[in-house]
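Here's a fold to walk through together. Have the sequence and the 3D view open, and let's start with how strands team up.

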Amino acid sequence: MLRLYHYPLSPFCRKLRLMLAEKRINVELIEEKYWEQRPDFLVLNPSGKVPVLRGDDLILFDSQAICEYVEAVHPNPPLFPSSAEQQYEMRRIIFWFDGKFYDEVTSKLLNERLLGKIQRSAPPDGEILAKALKDIKFHLDYIDFLLLERRWVAGDQMTLADFAAAAHISCLDYINDIDWNRSEAIKNWYSALKSRPAFRSLLADHVTGHRVPAHYWNLDF
């Protein structure tokens with residue numbers, strides 16, 4: 001069986017987990033506290049980052065590179081659109097969330113609210129939190145804009161871009177930093193994704209010492 005070295009609140013791991021679950025690819029989940037930089041883990045991935053997907057003769061790392069590999073080897077059900085233009089838009093949205101959204105919002109809020117306490121016993125920085133909470137409004141409004149004339153974030157077909165976006169949103173929802181009253185379109189889109197069987201394992205994640213808001217598990221909010 002494949003082994004996936006992951007951390008529950010890594011959006012990059014969650015993106016890959018959603019893809020694997022949607023394609024019904026069974027993996028053994030191994031929680032990796034990547035910040036500890038275990039020597040055995042660094043042998044698998046010298047960058048020290050999760051996720052890492054390991055098989056008998058296979059070691060893959062970098063979430064997007066792994067997703068590209070999985071789609072090529074397991075094309076059904078398809079999570080990449082057929083045309084070059086649609087694939088471009090899918091990748092553009094993925095890079096938006098895994099790059100700009102992560103840098104400006106996800107990493108800041110997760111680090112200050114939760115991971116800083118776990119990794120460094122550090123108190124939250126109010127200025128960083130305030131900036132990230134301001135920036136998330138811009139990003140939520142952008143998602144709302146995308147959904148004005150689309151069923152899914154990259155077009156009329158559900159793609160890996162939706163899983164990338166939902167991975168970040170779900171991490172922030174875990175720490176109760178999503179204003180679900182800001183956009184009915186985002187709420188409906190996320191509810192449709194959260195109701196899929198692929199989402200079940202994410203909703204079961206738990207980080208010791210953190211109380212999850214009740215709506216996190218509620219498929220209908």
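Two strands count as paired if DSSP finds at least two bridges between them. Strands (E, at least two residues) and helices (H or I, at least four) are DSSP runs, numbered from the N terminus. This is a predicted model, where local features need pLDDT of at least 70, side-chain atom pairs count only at pLDDT 80 or more, and totals for chains, interfaces and linings use all residues. Residues are numbered from 1 along each chain as its sequence is written, and side-chain values use heavy atoms, with hydrogens and water left out.

Now look at strand 3 (residues 52–55): strand 3 and strand 4 pair in the antiparallel sense, over four bridges. As one example, Arg54 has Ile59 in strand 4 as its bridge partner.

Zoom out, and you'll find an open sheet of four strands in the order 2-1-3-4, with mixed pairing. Strand 2 (27–31) and strand 4 (58–61) sit at the edges with a single partner strand each, so one side of each has no neighbour in the sheet. From one strand to the next, the twist averages 20°. (Angles run from 0 to 180 degrees between N-to-C directions, with axes as lines fitted to C-alpha atoms, for helices over the stretch in contact.)

Helices pack on this sheet too. Helix 1 (residues 11–22) touches strand 1 (2–6) and strand 2, and its direction makes about 155° with that of strand 1. Helix 3 (residues 63–73) touches strand 3 and strand 4, at about 130° to the direction of strand 4.

Finally, find Glu89 in helix 4 (residues 84–120). At 12% relative accessibility, Glu89 counts as buried (under 20% relative accessible area, with exposed over 50% and partly exposed in between, using a 1.4 Å probe and protein chains only). Neighbours within four places in sequence aside, Glu89 is in contact (heavy atoms within 4.5 Å) with Arg150 and Ala154.
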